[in-house]
Every structure is written in C-alpha cells, then in structure tokens.
Amino acid sequence: MNDNLNYQSPKQVPDESNRGGVGRNLLILLLWLLFLNLFVFRGAESPLVPYSQFLDQIDANQVSEVQIGTKIIEYALKPNFSTNQPPSDQPEKPKILRTLAIAQDKELPQLLRAKHIKFSAFPDDAGGWFATLLGWIIPPLIFVAIWLWFLGRSQMNSPAPFNVGKSKARIYANGSTGVTFDDVAGVDEAKAELQEIVEFLKNAFKCVNLGAKIPKGVLLIGPPGTGKTLLAKAIAGEAGVPFFSISGSEFIELFVGIGASRVRDLFEQAKLQAPCIVFIDELDALGRSRVGANPMMGGNDEREQTLNQLLAEMDGFEPNAGVILLAATNRPEVLDPALLRPGRFDRQVLVDRPDKSGREAILRVHAKDVKLANNVDLDKLAARTPGFAGADLANLINEAALLAARKNHLLVSMEDLNEAIERLLTGLEKKSRVLNEVEKKTVAYHEVGHAILAALMPGAGVVEKISIVPRGLGALGYTLQLPEEDRFLMLEDEIRGRIVTLLGGRAAEELMFGKVSTGAGDDIQKVTELAERFVTLYGMSDRLGPIAFEKTQSQFLDPIASPRRSVSPKVAEEIDQEIRELVEGAHQIALLILDKNKGLLEAIAKVLLDQESLEGDWLKSQLKQVEKTEDLQEWLLSGKLSHPMHFPLSINGQEKKTCNFY
Ligand code: ADP
Ligand code: ZN
C-alpha cells in the first residue's frame with residue numbers, strides 16, 4: 001500500500017537518455033555490418049559444380065585457367081564453352097565455375113600440366129581482410145550490445161549511459177511530502193516514539209552536544225496498510241527535511257551487483273542532503289534471512305550482495321551524521337538477524353491495526369475531504385469495522401463517496417458508508433449471475449441456516465444481513481455478521497460456536513433437502529482449518545493437551561520443511577481423530593438446533609427467497625425467536641455431547657446413511 005506522491009523535486013535528475021537506446025543502436029549497426037559482410041563484400045558467388053564435372057571439362061579441353069584453394073577450386077571455361085545461351089553481340093566473358101576441392105586427389109596438378117592449363121594457388125582469405133576482421137569482432141560486440149540493451153531496459157530512468165547503479169530513490173524536497181503527524185491517526189504510541197527523531201532532525205546537530213544517541217535505523221513493523229509509509233513521510237514533513245524513498249524490491253535486479261551499487265549511491269545522495277530521511281519500504285524483499293535460504297533453489301547472490309552493502313553503509317556512517325534510515329516491513333520474523341543488531345535497525349516501532357477509537361480518528365482524518373450527511377456516526381462506523389487498517393478505512397470513505405456520487409447525492413450518508421463496508425467485505429454485487437430455482441432455494445436455506453446458528457453462538461456479534469444476491473468471486477449468497485466490539489482473543493467455546501455456525505449452511509441443506517450442494521465447500525474449508533488450529537496450534541484438545549503440533553510462521557522459513565512438528569504415527573492419527581470429532585460434534589449440534597427451529601428456518605427462507613435480502617429489525621426480531629437445545633451449552637464448553645454421537649443420523653424419519661465426513 002504505497003500511494004505514490006507524484007511530485008518530484010527539481011533536485012532529481014530525470015534525464016531520460018537511456019542506455020537501452022545505445023544498446024539497440026549498436027545492435028542494429030552490427031547486424032547491418034554482418035549483412036554487408038555476408039552478401040556485399042563477398043560479391044556474387046560463381047556457381048558450384050560437382051568435382052566430376054570439373055574433371056570432365058578438363059578432359060574435354062574446355063578449361064582455360066584454374067585456381068586451387070584448400071577448400072574451393074575456381075576455374076574459368078574457355079570463351080566458346082562459357083555459355084549455354086545463344087551467343088549475344090557482346091564479347092563473351094569467360095565463365096567462372098567453382099567446385100569443392102578433394103584433398104585426396106594428388107594427381108590434379110599433373111593432369112592440368114598434361115593439358116597445358118594455367119593453374120595457381122588460391123589466396124584463402126579471398127573475402128578480404130575486412131571480412132575476416134569483422135568475423136572476429138562482431139560476435140563479442142553482439143553480446144555487449146545485448147547486454148547493454150538489457151541493462152537499459154532494467155533501469156530506464158537512470159542518467160548517464162554507463163552509470164549503471166544510480167539509485168531510483170524518489171526525492172522530495174524540503175517538507176514537500178506535505179504530510180504531517182496530523183494526517184496520521186490511530187497510532188499514537190508509534191507517533192510518540194518517532195517524535196524524538198523529528199526533534200533530532202529539526203535541531204539537526206544540537207543533540208550531539210548533549211550526548212544524545214540517536215538511532216541510525218528505525219524499523220516500522222506492522223501489517224500492510226497501517227500507515228508505515230505515511231508515518232515516515234510525516235516525520236520528514238514535520239522536520240522539514242528531504243525524504244528519499246525506495247522499495248526493497250527495487251534493489252533487486254537481474255544483474256548481480258547492481259542492487260549493491262544502488263545502495264551505495266542512495267547513501268551518497270542522502271549524505272549530501274543530510275539531515276534527511278531514507279525510507280526503505282518492504283525491507284523484507286532484500287533483507288530476508290540468509291540462513292533460511294534454500295540451497296536447493298540456489299542462493300540469491302544479488303540479494304545477498306545488496307544486503308551486505310546495506311549493512312556496510314549502515315555501519316559506515318556516523319550515528320549523528322543526520323541521515324536517518326527508516327524501513328518498513330510486515331514480516332519482521334524473516335529478516336536477517338544482522339539487520340537488527342545494535343547500530344543498525346536497533347529501534348523497532350510497532351504500527352499495529354488501529355483499535356476502535358483509532359479507527360474513528362482515522363475515519364475523521366479521511367472524512368475531512370468529503371461532505372458527510374448529518375446522520376453519519378463515525379463512532380458507530382468505527383465499531384462496525386474491526387480489523388480494518390488505515391488504508392481500508394481510507395478506501396471505505398472513498399468508496400462511500402463514489403457510491404453517493406453515483407446516486408447523485410450531495411452528501412455521503414450513513415447508508416452509503418454501510419454499503420461501502422459491505423462491498424469491501426464481500427465484493428461487488430453480481431446481478432448478472434442468474435441462479436435457477438433449485439439453486440436459489442438451496443442458497444436461501446443455506447444462508448438462513450448460518451444466520452439461525454449465528455444468533456445462538458457466543459461472541460460472534462449480530463447478524464446484520466442475509467442476502468442471496470451473488471457477490472464477488474464465487475459467493476452466491478452471504479450472511480453478514482458484524483462484531484460489536486474489538487476482540488483480541490477467541491475463547492474455546494467461541495471457536496466451537498464458530499465451527500457450528502460455519503456448518504449451519506450445509507446442515508440446513510441436509511435437513512431440508514436430504515442432500516448437500518457444493519455451496520458449502522468454502523465453509524468446510526474454513527471449518528477444517530479452524531478445527532485443525534484448535535487442536536494443533538492452540539492446544540485446546542483435552543486428549544492431546546497443550547502441545548503445539550503446528551509450527552508458527554517464523555519456524556518454517558525453510559520452504560522444504562513440513563509445517564508440522566514431527567510426531568509419531570499414533571499421535572498423527574490422534575490429531576486427525578480429534579479434529580474429526582470436533583467437526584462432527586459441531587455438525588450434530590448444527591443439525592439438532594436447525595431441526596428444532598425448522599419452522600423458523602422455513603419462514604425466514606421463504607421471505608428471503610421473495611425479497612433476496614433481509615436486514616434490519618424484522619430480521620433481528622425473527623432471529624430472537626431461535627431456540628436452543630439442551631446440550632448446546634455443555635457442548636460449547638467441553639466439546640462433549642450428553643447423548644452418544646449417533647451415526648447414522650435420523651432426522652424426520654428420513655434415514656441418512658452417514659453424516660459424511662467431507
Ligand atoms: P503501509 O506503508 O503501512 O502499507 P501506507 O502508509 O502506504 O501503509 O498507507 C496507505 C494509505 O492508507 C495512506 O496513504 C493513508 O491514506 C491511509 N492510512 C493508513 N494508515 C493511516 C493512518 N494511521 N492514519 C491515516 N491514514 C492512514
Ligand atoms: Zn455457507
């Protein structure tokens with residue numbers, strides 16, 4: 001998430017003389033020379049005849065003169081044998097013929113002498129010294145030309161033709177990032193930490209006298225879109241210093257060594273403009289751990305050299321030289337430990353997703369640019385958007401403004417904002433996708449199944465909307481459930497409840513139609529994943545206890561290693577059994593609850609089929625009527641069913657052979 005400021009200060013040298021052009025011109029010139037050499041300097045070749053014909057012609061006394069080379073023999077016919085066309089009025093030129101020499105034929109000279117034919121040796125470089133020279137020089141030149149051409153393509157915008165490593169960093173002149181701390185909201189801790197750096201840059205070298213140690217490198221860590229780039233720009237903006245920004249991936253080029261020279265160059269430029277800020281986005285693209293590199297895929301020399309150069313530069317400049325390196329990453333765990341050592345990126349600042357009040361503040365920042373209707377409640381909006389990062393919220397406001405504009409409204413209303421949330425969460429409506437009656441009915445019951453269970457399960461928020469209008473990629477219908485508050489943990493019973501809710505769609509299909517559709521595929525995927533985490537990552541299974549069977553991300557840097565800890569076959573079997581039991585239990589519960597609320601299920605589904613989407617008070621009042629079953633609570637807390645699991649399951653006297661495990 002990197003919005004590109006388009007403004008470029010005049011300091012940058014945007015000279016577009018491109019090396020690609022030089023390479024290309026050279027290439028064309030060479031090809032032209034080659035062509036000349038082959039077809040022009042050689043001249044028109046005389047016709048080639050078989051050796052036997054040559055001998056026959058000697059025997060027949062038709063040959064006047066012979067030149068013998070090691071490979072080629074050229075000979076002239078006597079004028080009266082020269083042509084097979086009718087004689088013209090022009091004086092006839094002797095006809096020249098060629099044949100391939102046969103080295104074994106040692107008797108040719110004697111034969112020629114016997115016939116009194118003039119003969120001589122044939123100068124081998126008959127094509128001329130020029131052609132020979134070209135033959136030697138052209139091939140290497142072609143390589144050079146191609147190389148230059150590629151170089152030019154790989155860095156179109158660097159200045160001089162042989163200035164290979166010029167850095168591509170964008171430079172913004174004094175304060176021209178135009179961003180201040182006021183534009184960044186919801187990350188107050190990070191701002192407080194970075195304030196110190198602003199102070200240092202503002203008073204450039206004042207702190208030195210006070211003996212203050214300013215960090216050389218600050219690493220901003222956080223998920224994408226949380227405003228890391230924005231913060232870096234804000235620091236530059238606040239301090240009024242130049243801002244160099246480059247992305248880690250831009251260092252990595254086709255040719256080994258270019259990235260390194262780019263790093264060198266970047267720091268050279270930066271030192272000239274100190275105090276200033278150098279910002280490297282996506283540091284992980286170049287700073288990935290060298291240890292984890294997979295030998296089977298071959299080391300990445302280019303990246304390693306670039307990284308080494310970066311480390312060398314960071315060690316090279318004085319702590320108080322006035323260049324402050326900021327970098328951003330969302331994967332600190334993959335970074336090379338060398339980068340995090342003291343004297344390098346020793347200061348780390350967490351830029352996390354905002355909490356509710358943070359989201360409200362961010363919404364306020366972005367809402368400044370649009371006209372809001374009176375009914376807009378940013379506080380409420382913040383509550384409905386847990387998990388949204390700053391970039392998502394900016395996007396939300398923008399999307400709502402677009403919606404309002406499309407409806408020719410002058411103000412952005414709460415309805416627009418709600419619709420924008422829905423759109424960001426579920427994708428665009430696809431009215432063009434027409435479902436047939438059976439599909440529609442299946443989808444309707446499926447979604448109502450989810451909704452009924454969601455209404456009972458703990459900690460998951462309120463069902464806001466059910467819809468059977470297809471949306472986005474693949475979703476034929478959806479149940480929108482928005483949480484009421486930010487949650488940072490999920491409790492055991494909530495995970496079980498979530499699994500039940502996810503299985504609600506499929507259970508409803510089973511219950512109503514006695515058969516299931518592919519529509520539950522996505523739900524089942526999520527259920528299986530959640531159940532697996534329940535057992536292997538969170539240690540929530542009673543039988544297996546709090547043991548992590550799954551490794552966390554940082555532990556499988558090595559791409560060929562398995563993400564599971566090595567376990568005995570018996571334990572592996574137990575894991576599978578636990579997962580299966582959990583999912584099957586949830587499935588049973590879902591079926592039992594839906595069976596108990598079958599009347600309600602049908603009633604809501606009928607209205608849904610008719611109206612295509614349900615929301616608001618009517619839906620809420622309907623879902624309030626959902627009844628629990630007795631064993632629900634116990635199952636949610638302990639995962640144990642009071643009655644033994646019964647397969648095959650019989651519902652409504654409709655005998656089902658098995659509850660298939662997907
Ligand atoms: P990152 O670098 O963390 O991926 P960016 O800084 O590029 O994220 O954020 C992209 C855009 O999202 C910003 O330009 C800004 O409009 C918006 N944004 C992100 N975080 C915030 C925030 N904390 N306050 C205000 N706007 C934000
Ligand atoms: Zn579903």
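Leu453 sits in helix 16 (residues 437-456); helices here are DSSP runs of H or I with at least four residues, strands are runs of E with at least two, and both are numbered from the N terminus. This is a predicted model, where local features need pLDDT of at least 70, side-chain atom pairs count only at pLDDT 80 or more, and totals for chains, interfaces and linings use all residues. Residues are numbered from 1 along each chain as its sequence is written, and side-chain values use heavy atoms, leaving out hydrogens and water.

Is Leu453 buried or exposed? With a relative accessible area of 0%, Leu453 is buried (buried means under 20% relative accessible area, exposed over 50%, partly exposed in between, using a 1.4 Å probe and protein chains only). Leaving aside residues up to four places away in sequence, Leu453 touches Val500, Thr501, Gly504, Ala590, Ile593 and Leu594; a contact means heavy atoms within 4.5 Å.

## The protein overall

Let's step back. The protein has 22 helices and 15 strands, and 43% of its 662 residues count as buried. Looking at contacts with a separation of 6 or more, 77% are between residues 24 or more positions apart.

## A strand covered on both faces

Now for strand 6 (residues 217-221). Five of its five residues are buried, so strand 6 is largely enclosed by the rest of the structure. Gly217, Leu219 and Ile221 cover one side, with Val218 and Leu220 on the other, and they are all buried.

Which strands pair with strand 6? One is strand 9 (residues 323-329), in the parallel sense over five bridges, with Leu325 as the bridge partner of Gly217. Another is strand 10 (residues 347-350), also parallel, over four bridges, and there Gln348 stands opposite Leu219. Strands count as paired if DSSP finds at least two bridges between them.

## Aromatic pairs

A search of the whole structure turns up four aromatic pairs. Rings of Phe, Tyr and Trp (its six-membered ring) pair if their centres lie within 6.5 Å; planes under 30 degrees apart count as stacked, over 60 as edge-to-face and the rest as tilted. Tyr51 and Phe54 have ring centres 5.7 Å apart and planes at 55°, so this pair is tilted. Both lie in helix 2 (residues 51-59), three residues apart, or about one turn of the helix.

The rings of Tyr445 and Phe513 have centres 5.5 Å apart and planes at 85°, so that pair is edge-to-face. It links distant parts of the chain, with Tyr445 in helix 16 and Phe513 in helix 17 (residues 492-513), 68 residues apart. Tyr445 counts as buried at 4% relative accessibility, while Phe513, at 28%, counts as partly exposed.

Definitions and conventions. Chains are lettered from A and ligands numbered from 1 in the order in which they are written.
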